[in-house]
Every structure is written in structure tokens, then in C-alpha cells.
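Student: I would like a close look at one part of this model. Please take it step by step.

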Amino acid sequence: MWSYKDMNAQEKLISILESKVIKASSMPWTNARAVCFTECPWSSLMAHTQQYSTYGIGFSKRIVYAKHGGPVYYMRPDHFKQQMKNNAFDKYVLPFITPFSPAYRPKHMRGKYFQTVDYSHEREWRVPHDFPFAYEDIEFVILNDYHDMASFPKPLKDVIGRDKFILIENYKQIETLWPVHKM
């Protein structure tokens with residue numbers, strides 16, 4: 001039996017698109033299960049793909065919200081630790097919590113709670129369970145390059161619509177020619 005850990009990123013994407021379900025996974029600090037999304041601006045897309053993957057599926061906030069999703073709660077580490085210690089998080093809130101310990105935190109907080117934990121640039125949203133979807137829910141699909149598009153399963157391209165595919169190599173070229181996001 002195969003599992004996601006045995007697949008490369010493109011194979012995972014195809015498997016998700018064929019099953020029409022994104023499986024929830026355990027969140028690192030709470031062990032609550034959720035599906036994670038980013039609302040990062042296009043200007044941050046390259047950094048995001050370098051950290052995670054050049055493959056992805058985009059959905060509207062309306063769809064994510066309708067499936068019980070919402071923005072992540074970034075919480076000060078002292079508040080987070082106290083709530084965890086007292087087992088005070090409600091089970092419905094727990095999947096949405098992430099500690100926030102930015103590099104600019106006061107010296108007295110360094111090393112006391114967490115190392116630097118700052119995902120606020122991702123503008124993350126989560127859904128606290130598996131995320132089933134229909135093809136018409138998809139706003140866009142991100143692939144790495146033209147080769148990926150050419151080799152992508154034709155039935156998926158047909159049902160999703162070729163106009164919804166975005167190639168990261170094109171975006172990289174734009175950033176090279178017009179580096180408006182670099183200082």
C-alpha cells in the first residue's frame with residue numbers, strides 16, 4: 001500500500017486531485033488535526049514555494065470558510081504555554097492555534113518558551129478536518145514548470161480547465177525580468 005510519504009510533490013498533488021480530498025494532519029504544537037492553507041500575497045509566493053513546494057491548489061476564502069475554516073490564531077508563547085498547561089483550549093479552537101514567538105521578542109522571553117516561531121507572513125488559514133472539494137471549487141492549480149503541465153493527466157486538465165493552471169517557472173521569469181519585490 002502506498003502513502004503520501006512515498007510520493008514526490010507532483011504525485012501527491014495528482015493523488016489529492018483524483019481523490020478530491022485533502023487529508024488533515026497533526027499540527028506541530030497542539031497535535032490537533034487540520035488542513036493548512038496560505039493566504040500569502042503573490043509577492044511572497046516565491047519564498048513560500050522554496051519553503052514548502054512548487055505545487056498547490058487554490059480555493060476561495062468563501063469555500064474554505066464554508067467548510068469550517070478560518071484564519072490561524074497566532075498566540076504569544078507565554079499565553080500559549082499557560083493555556084496548554086491548564087488544558088484550557090477548547091477542542092474547537094485548538095486546531096487553529098499556533099505559537100507566535102517573533103525574532104523581535106524581548107530578551108527575557110528568548111529561550112524561555114520557544115525558539116523563533118513566526119509564520120505570520122503566511123497568513124495561514126486552517127480547516128479542522130479533512131477537506132473534501134469538487135473540481136468547480138478549485139480557483140487555480142500551481143505546477144512547477146511546462147514539463148509538469150505537459151505530463152499532467154489529461155482527464156484532470158480537462159475537468160479542472162487548463163486556464164486554471166499557473167506555472168511557477170513563468171512567475172520566476174517575471175521576477176527575474178521585473179524584480180519589483182526585491183530591494
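Student: In which helix is the place of Leu-177?

Tutor: This is a predicted model, where local features need pLDDT of at least 70, side-chain atom pairs count only at pLDDT 80 or more, and totals for chains, interfaces and linings use all residues. Residues are numbered from 1 along each chain as its sequence is written, and side-chain values use heavy atoms, with hydrogens and water left out.

Leu-177 lies in helix α7, residues 168-177. Helices (H or I, at least four residues) and strands (E, at least two) are DSSP runs, numbered from the N terminus. Leu-177 counts as partly exposed because its relative accessibility is 48%; buried means under 20%, exposed over 50%, and partly exposed in between, with a 1.4 Å probe and protein chains only. With Ile-174 and Trp-178, Leu-177 makes a nonpolar surface patch of about 330 Å².

Now the sheet. It is open, has three strands in the order β4-β10-β11, and its pairing is mixed. Two strands pair if DSSP finds at least two bridges between them. β4 (56-59) and β11 (165-167) are the edges; each has a single partner strand, so one side of each lacks a neighbour in the sheet. On average, neighbouring strands are turned by 25° against each other, direction ignored. Strand β10 (residues 138-143) runs parallel to β11, joined by three bridges. Leu-143 has Leu-167 of β11 as its bridge partner.

Helix α7 packs on this sheet, touching β10 and β11. Contact means heavy atoms within 4.5 Å. The direction of α7 makes about 50° with that of β11. Axes are lines fitted to C-alpha atoms, for helices over the stretch in contact, and angles run from 0 to 180 degrees between N-to-C directions.

Technical notes. Patch = residues over 30% accessible without salt bridge, like charges linked within 9 Å, V, L, I, M, F, W, Y side chains within 5 Å. Areas by Shrake-Rupley, 256 points an atom, 1.4 Å probe, with all protein chains shown as cover. Salt bridge = Lys/Arg side-chain N within 4 Å of Asp/Glu carboxyl O.
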